[in-house]
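Hi,

Here is the structure I promised to pass on.

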Amino acid sequence: MEQLLHSSFLPSRRRLLQGAGALSLASVLPGAAFAQSDLRGITLRVATYKGGHKTLLETAGLAQTPYQIEWKEFNSGVLHIEGINADALDLGSGSEIPAVFAAKAKASVKVVGVYHEDLNNQVTLAQKDAPIHKVADLRGKRVGYVRATTSHLYLYQQLKEAGLSFDDIKAVNLSPADGLSAFARGDIDAWAIYGYNGQLARTKHGARTLKTAVGYLSGNFLIYANPKAVEDAGRQLALADLLQRLQKAYVWGNSNFLVYAKAQSAQTRVPVGDLVEIYNNRSQNSSLVAISDKAIESHQRVADAFQAMGVLEAGTDVKPLWDKTFNRYLGVKA
């Protein structure tokens with residue numbers, strides 16, 4: 001999709017906003033016409049990732065809400081859940097994995113929606129000159145990963161498929177930023193990583209992709225909510241509106257990615273070309289959908305996998321975490 005890089009394919013800002021549409025509460029929520037003025041006194045505390053949901057809504061022209069949003073930037077799903085559990089946040093998001101540990105701890109958090117993201121950018125990488133050409137070649141090698149994240153899970157599954165375990169490699173638990181530095185120095189031979197850092201390892205340091213997470217992860221990411229906000233009539237209506245805005249913004253972003261990529265780049269300092277490369281190689285379009293039993297079953301399989309790894313104790317049931325309150329607003333199930 002080279003055309004994404006050519007300015008002649010960019011619609012005007014006015015056309016973009018018209019395409020996104022003005023999302024009025026009365027037009028999308030049952031019984032919302034009488035409630036719009038009531039929501040003016042409501043403030044939602046919402047966690048976002050750098051260049052994430054806040055940037056997406058603003059770029060799509062969907063950020064003007066009849067309630068206030070206090071955005072808080074936390075670049076970890078664990079921190080999103082901790083904020084919700086401490087009643088410092090009303091909404092957050094992240095992978096299935098932080099919610100597994102939240103279920104085990106019986107944290108005060110609910111899963112209220114599912115969004116789909118790219119899995120081709122969740123990758124196991126090798127140094128460009130390393131004698132590593134398949135996962136089986138990782139035996140005895142220094143392999144970076146991020147403990148208790150998606151990279152931990154898919155690396156475990158890829159090793160198992162190759163007849164290996166974590167005991168057969170020199171596993172090094174590193175944050176994404178520290179992992180990129182270690183990879184650049186040659187301190188690790190391979191790296192299981194996700195997001196912008198994996199792309200930077202490829203473009204700046206010549207990393208080679210051994211395997212992506214396609215077939216190892218579900219592609220489901222979760223919307224976390226504060227149970228108190230879900231139970232409160234006014235905040236529930238505001239949350240429903242915000243989720244529908246995000247749902248519409250994802251659809252817009254799939255068709256206007258270069259515009260969104262430029263806004264992301266301004267926030268993250270990741271080059272626009274790298275973001276477009278991620279988009280061009282994506283495994284699926286982004287979307288936000290209602291909860292299904294299939295999604296809950298997928299989450300339980302993640303919990304069972306972490307139990308098999310010895311990271312989590314037996315008996316973790318994720319089902320009580322899931323709440324279908326917003327299904328009637330989100331429509332399509334995953």
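**Asp-90 and a few other spots**

Asp-90 is buried, at 0% relative accessibility (buried means under 20% relative accessible area, exposed over 50%, partly exposed in between, with a 1.4 Å probe and protein chains only). You'll find Asp-90 in the loop between helix H4 (77-85) and strand S3 (91-95); helices (H or I, at least four residues) and strands (E, at least two) are DSSP runs numbered from the N terminus.

This is a predicted model, where local features need pLDDT of at least 70, side-chain atom pairs count only at pLDDT 80 or more, and totals for chains, interfaces and linings use all residues. Residues are numbered from 1 along each chain as its sequence is written, and side-chain values use heavy atoms, with hydrogens and water left out.

Back to Asp-90: its side chain makes a polar contact with the side chain of Arg-235, at 2.8 Å (a pair of N or O atoms within 3.5 Å; within protein, one must be able to donate a hydrogen and the other to accept it, and residues adjacent in sequence count only if both atoms are side-chain atoms).

Asp-87 is partly exposed, at 30%.

As for confidence, the chain's mean pLDDT (the predictor's confidence in each residue, from 0 to 100) is 88, and 88% of its residues reach 70 or more. Over residues 1-28, though, the pLDDT is below 50. Where pLDDT is low, the predicted coordinates should not be read in detail.

Cheers

Conventions:
Contact means heavy atoms within 4.5 Å.
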